[in-house]
Amino acid sequence: MSAQTATTPTTPTSPSPSPRWAVLGPGSIARRFLSQLSASGGVLVAAGSSSPERAQAFADEAAEQGFTDVTAGTYDQVLADPRVEAVYIATVHTGHADLVLDALRAGKAVLCEKPLTPNHGTTMALVDAARQAGLPLVEAFMYRFHPQTAALLDLVRDGAVGTVSHVDASFAFRAGERTGRLFEVDTAGGGILDVGCYPVTMTAAVVQAATGLPVVEPVELTATGTLGPTGVDEWSVAHATYASGVTASLRTGVRVEDTNAVVVHGSRGTITLRDPWTIGGEPVIEVRTVDAEPTTTSYADAAPYGLEADATIAALRAGRVDAPQMTTDETLATARTLDRWRAAIGLRYPFEAETADIPTVGGRPLTVAGDAPMAYGELPGIDKRVSRLVMGVDNQPDLAHASAIFDHFVEQGGTVFDTGYVYGGGVLEGRLGAWIRNRGIREDVVVITKGAHTPFCDPESLTRQLLESLDRQGTDYADVYMMHRDNPDIPVGEFVDVLDEHRRAGRIRVFGGSNWTRDRFDEANAWAAANGKYGFEVLSNHFGLAEALDVPWAGCEHVTDPASKRWLEERQVPLLPWSSQARGFFTGRARPDDTSDAELVRCYYSDANFERLRRAEELGSRFGVPATAIALAYVLHQPFPTFPLFGPRTIAEARSSMLGLTVDLTPEQVAWLDLRD
């Protein structure tokens, strides 16, 4: 969290012909930006720093370059200046997030030095903030704005070297001493984040140009490397493969000098950039093909720092949230790739560790947004607020990512989290527990814990796994405990007896079953009633608008058929359905002529389900939401209580799913979607 307090949002004065900029973090890279700002037509009006002396020194240097009306101050003072339209952030990597959020809250466009943040979790929180604010957030890979890079991508698009098969890209240098920010783990030092991001983004741009896709990232990535005595990566080589089949060799380091070039290999020849990153002097592109003499083209005298400033202002004037030369989707893909590269060589910074006390992005207290869309219901035996949507804790790759997406869920009104003993080999339960401890909100959230998964589905395993799950989570009780599977070979009363014992001991508040048949559920409750025990009060089976023809995994049960729906309505059993959006059936992935996804075909492909999809799309067009939102709204509008589980991998996916909360369906529309009229 920055030392400065958050500013009150300000509205810039009317745009002038000369865009008005502020620099936050007046270091060496900021001086390069300043030297080319005039080339863009922009003017510097403010300089901010945590050090008043540094801010004033930068303002004095700016005056020598003709910027005579520059105010020096703290970050907050600069962001409160109504003259400032856009800010250039050039602090250390770990200082970016706070300043980006403060700048967006102050109504400023943001051009932020690369990498935007040290990891994907923090990056997606900043991108979401920019999109919600409707303001540009541009990651300052200045080479992406240089005409040499644009020419390279045009050559690739035009097939100058045929079909692209491989990219070789490197950016590495040898620092003289192991001192300074590049060698400090607390400032996210090392080669991968500082300069390895250049080969990653250039290769992605080449693959995008070759395939026509707007954003790509590797489908496979392996790497080797060396961590130095200070804990940062000093040299690393990654090998990447993209969905198109293009491969890449990516090299970076801060203690090994490399060629620092980009070579694109195609079926007819090569394109070489020998100065792709700093682009000084007279950079050239060399093209060598089988049927022509080599050619070189010079791209001298460009001002890439000025061009990235131009692009940021152009986005601001056009009401866009990013620049086409480096979109926010590309920034997100880059962050994911850099996370994978670091993970491949075992590099995680202390502030990202599973045991770290990771604060909210921006450091502000976690609060529910005033416009949060969440709806709430009741679960018998739970005296907490129960959100109708349940966050699945099953695909968060690290604590930074989990913290960002869990924070967002709570800010949108979410209170319920679903986890399981087998998820991630237990790591994901621990990750949820760490986040809850960091936020201090155990009594504000409802945690669903599942155990006794096949093949360890027996009373002894149930007890052992429950106790281990509670230990992993760092808690002494589960709000809701569900058996993850059933074992019909064991008399149901044996399970009820054990669950009842744990409930009476206070380790469980409510219990039930996941993937249990209606008959076994009824049998369990009959045993409980006859023997003075607590019974099953919740069920978690597959349920959604698409009727299941099969289930994804062995031992799963669905309640999408008419008889199951009648049973749920008669008993008013609270249902916590999984795969309520049919594993992507309603996202546009499913088409009768596309059978590439065997699981989707096996589980959902039928004429009736495609008609349900058509009706969801038709109704979605009326409500102005995607078909996925209609599919979720269908689940929420059942005549029995439902609390659908969803598993967004990103904040953007979470927002998209939550659109279903804004759709109010009539009983007639629910019946129509389900082909009942």
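The chain contains 20 helices and 23 strands, both taken as DSSP runs numbered from the N terminus (helices H or I of at least four residues, strands E of at least two). The structure is a predicted model, in which local features need pLDDT of at least 70 and side-chain atom pairs count only at pLDDT 80 or more, while totals for chains, interfaces and linings use all residues. Residues are numbered from 1 along each chain as its sequence is written, and side-chain values use heavy atoms, with hydrogens and water left out.

The C-alpha atoms fill a box of roughly 90 × 60 × 55 Å along the principal axes. Of the 677 residues, 58% count as buried, where buried means under 20% relative accessible area, exposed over 50%, and partly exposed in between (1.4 Å probe, protein chains only). The chain exposes about 26,000 Å², and carbon and sulfur atoms supply 51% of this area, computed by the Shrake-Rupley method with a 1.4 Å probe; for residues, only the protein chains shown count as cover. Among contacts (heavy atoms within 4.5 Å) between residues at least 6 apart in sequence, 73% join residues at least 24 apart.

In soluble globular proteins, nonpolar side chains tend to be buried together. A nonpolar core is here a set of buried Ala, Val, Leu, Ile, Met, Phe, Trp, Tyr and Cys residues joined through side-chain atoms within 4.5 Å. The largest such core has 80 residues, and those with the most contacts inside it are W21, F33, L44, Y88, L152, I271 and W341. Helix α7 (residues 191-211) supplies the largest share of this core, 12 residues. A second, separate core of 59 residues includes A356, V410, I436 and M658. Within the largest core, L44 is one of the residues with the most contacts. Not counting residues up to four places away in sequence, L44 touches W21, A22, V23, L34, L37, F58, A62, F67, D69 and V70.

Most residues other than glycine have a negative phi, and most peptide bonds are trans. Two cis peptide bonds are described here. One joins K114 and P115, with omega about -20°; P115 is placed in the loop between β5 (109-113) and α5 (120-133). Another joins T454 and P455, with omega about 10°, and P455 is found in the loop between β19 (446-451) and α12 (459-473).

Positive phi values occur at two alanines described here. A188, in the loop between β7 (164-172) and α7, has a phi of about 60° although it is not a glycine. A188 is buried, because its relative accessible area is 0%. Phi of A582 is near 55°, and A582 lies in the loop between α15 and α16. With a relative accessible area of 2%, A582 is also buried.

The loop between α15 (562-571) and α16 (598-604) also holds S579. S579 has 16% relative accessibility and therefore counts as buried. Its contacts, not counting residues up to four places away in sequence, are with H542, F543 and Y604.
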